Amino acid sequence: MKTYRPSLILCLALDAVGYFTYAIPFLGEFGDILWAPVSGLLFYKLFGGWKGALGGFFSFAEEILPFTDFVPSFTLGWIAQQFSFNGFQSKEKFHAKAQSNAMAQRG
């Protein structure tokens, strides 16, 4: 499975688009109606897999619900992805690596 890693700049720019839907007074929520599905789909395409699907749902919900545009969903997704790639391993990966190291030391 291919791992996707969007840049921080792209994530900040996409969050800015969500904020700018409120640039025109009284039309912000109408802009969100258009941006919410695009935001959810972009999140899914950028992050991929089940995390992209889950994040896409939350990105859609954050944009479509009133008064939640301040949440930087793309940037939070980028941060979560950085933690998962840079040291936080699942138990299975940790144990598999430890077992591999133990076998290498024996042989």
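Begin with the crossing of α1 and α2, which is left-handed in this predicted model. Select residues 8–20 for α1 and residues 28–47 for α2: the two helices pack at an angle of about 165 degrees, and their axes lie 10 Å apart. Because of that angle, α1 is roughly antiparallel to α2, the cut-off for this class being over 145 degrees.

Next, display the side chains at this contact. From α1, select L10, C11, L14, V17 and G18; they meet D32, W35, L42, L46 and F47 of α2. By class, the contact of α1 with α2 comprises eight nonpolar residues, one polar and one charged.

Now select C11, L14, W35, F43, L46, F47 and F74, the seven residues of the largest nonpolar core. Both α1 and α2 supply at least two residues each to this core, and α2 gives the most, with four. In soluble globular proteins, nonpolar side chains tend to be buried together.

Leaving aside residues up to four places away in sequence, C11 touches P6, F47, F74, T75 and W78.

Finally, move to F67, in the loop that lies between α3 (49–64) and α4 (73–85). Is F67 buried or exposed? Its relative accessible area is 71%, so F67 is exposed, the threshold being over 50%.

How values were computed: Residues numbered from 1 in each chain as written. Predicted model: local features only at pLDDT ≥ 70, side-chain atom pairs only at ≥ 80, totals over all residues. Heavy atoms only, no water. Buried < 20%, exposed > 50% of the residue type's maximum accessible area, 1.4 Å probe, protein only. Axes fitted to C-alpha atoms, helices over the stretch in contact; angles between N-to-C directions. Parallel < 35°, antiparallel > 145°, perpendicular 65-115°, else oblique. Left-handed = near helix turned anticlockwise from the far one by under 90°. Contact = heavy atoms within 4.5 Å. Nonpolar A, V, L, I, M, F, W, Y, C, P; charged D, E, K, R; others polar. Core = buried A, V, L, I, M, F, W, Y, C linked by side-chain atoms within 4.5 Å.
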